[in-house]
Amino acid sequence: MRGNPTTAGLRALPRPVAVVMRAGGVLGAAHIGVGYALERHGFVPDMIIGTSVGALNGAIAAAHPHRAAPWLDQLWTRLRRRDVYPLGYLSSRASVFTDHGLHRLIARAGLPSRIEELAVPFTAVATDLVTGAPVLLDRGDLESALLAGAAIPGMLPPVERGGRTLVDGGLIAYVPVLAAQQAGAAGVVVVAAGPESSRLPPAIPRPRAGAIAARAGLLLLHHQIERDLHEVSRHIPTVVLPTGIEAWPAPWDFGQSQRLISTACRTAERFLEGLRISGPGLYRVDDSSTPSGSPDETSISSIAEAGL
């Protein structure tokens, strides 16, 4: 790694620093555990970028800096599937579920009506369903921005906003680090969640259509995430906070939120204690070099610009 000497912790990141909160549905509970670890280290970002569930969690974090994790904890540990995905029949037949549950969830989150009124600058990332372009929503009505960023195609209805038809930003920016760079971030902290954020071991899926499709989807997401992380880390320090979660719940299983929160908190705290920053690069747990039989030890790898 060339450039500045190694410096400890997140305080070494150049400002402004963006926290990036990624998609992942029910796996978003892990964001809360990582949030606890960040708050215990006294870290408050200069901006927050979120997509899908990361947009909702990110908006709450932007509204309640220094105490976002307890807010999110109370919200998530009480959630059930019907609160987010209530069955309904829309006249347009645009989705399997209505967005009535998300409306109620947003109303309970203690949020202002407009994005500009949040305490920390915030951007929700959505996808233009017509053009496929990313849409960065950083001003105007907050509720419609969150609904748009979380509108999983086919599952939840698209949102009409500003003459555009918008759906889930995770479709093209599952981890919206490119949006953070575009917003002017000089350093990025990625709040990860989901198996596709870790190294994918070789695996042959069962000879079943569902298993093959699931493996293909995982590979697609993993490739997109890795491509974007490597691109941004060539220019600015990019820290990916681990969760330590190995057994992920089904997408509709909100009953495991507490387990995800506690595991992610412990793992992220250990990672932050050993974090050293030395200029642009990708800082994360290197799964391949973690000693076997030593689950409490993490090896933090930094990928230098020259190595990309």
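Author: Helix axes here are lines fitted to C-alpha atoms over the stretch in contact, and the angle between two of them runs from 0 to 180 degrees between N-to-C directions. The model is predicted. In it, the axes of helix 5 and helix 6 (residues 142–149) come within 11 Å, crossing at roughly 135 degrees. Angles over 145 degrees count as roughly antiparallel and those from 65 to 115 as roughly perpendicular; helix 5 and helix 6 are therefore oblique to each other. Their crossing is right-handed. Helix 5 contributes Leu102, His103 and Ile106 to the contact, and helix 6 contributes Glu143, Leu146 and Leu147.

Two of these residues lead on to Leu111. Setting aside neighbours within four places in sequence, Leu111 is in contact with Ile106 and Leu146, and also with Ala59, Ile60, Ala63, Leu118 and Leu142. Leu111 and Leu146 are, with Leu10, Phe122 and Val239, the residues that touch the most other members of the largest nonpolar core, which has 69 residues. Helix 2 supplies the largest share of this core, eight residues. Another core, of 22 residues, lies apart from it and includes Ala23, Ile49, Val175 and Ile236.

Helix 5 also has a part in the packing of helix 3. The buried residues of helix 3 (residues 68–76) are Ala68, Ala69, Leu72, Asp73, Leu75 and Trp76. Because they cover an arc of only 165 degrees around the axis, they are on the same side of helix 3. These buried residues pack against helix 5 (100–107), as well as helix 1 (29–40), helix 2 (53–63) and helix 9 (257–274).

Definitions and conventions. Residues numbered from 1 in each chain as written. Predicted model: local features only at pLDDT ≥ 70, side-chain atom pairs only at ≥ 80, totals over all residues. Heavy atoms only, no water. Buried < 20%, exposed > 50% of the residue type's maximum accessible area, 1.4 Å probe, protein only. Helix = DSSP H or I, 4+ residues; strand = E, 2+ residues; numbered from the N terminus. Arc of directions from axis to C-beta. Contact = heavy atoms within 4.5 Å. Core = buried A, V, L, I, M, F, W, Y, C linked by side-chain atoms within 4.5 Å. Parallel < 35°, antiparallel > 145°, perpendicular 65-115°, else oblique. Left-handed = near helix turned anticlockwise from the far one by under 90°.
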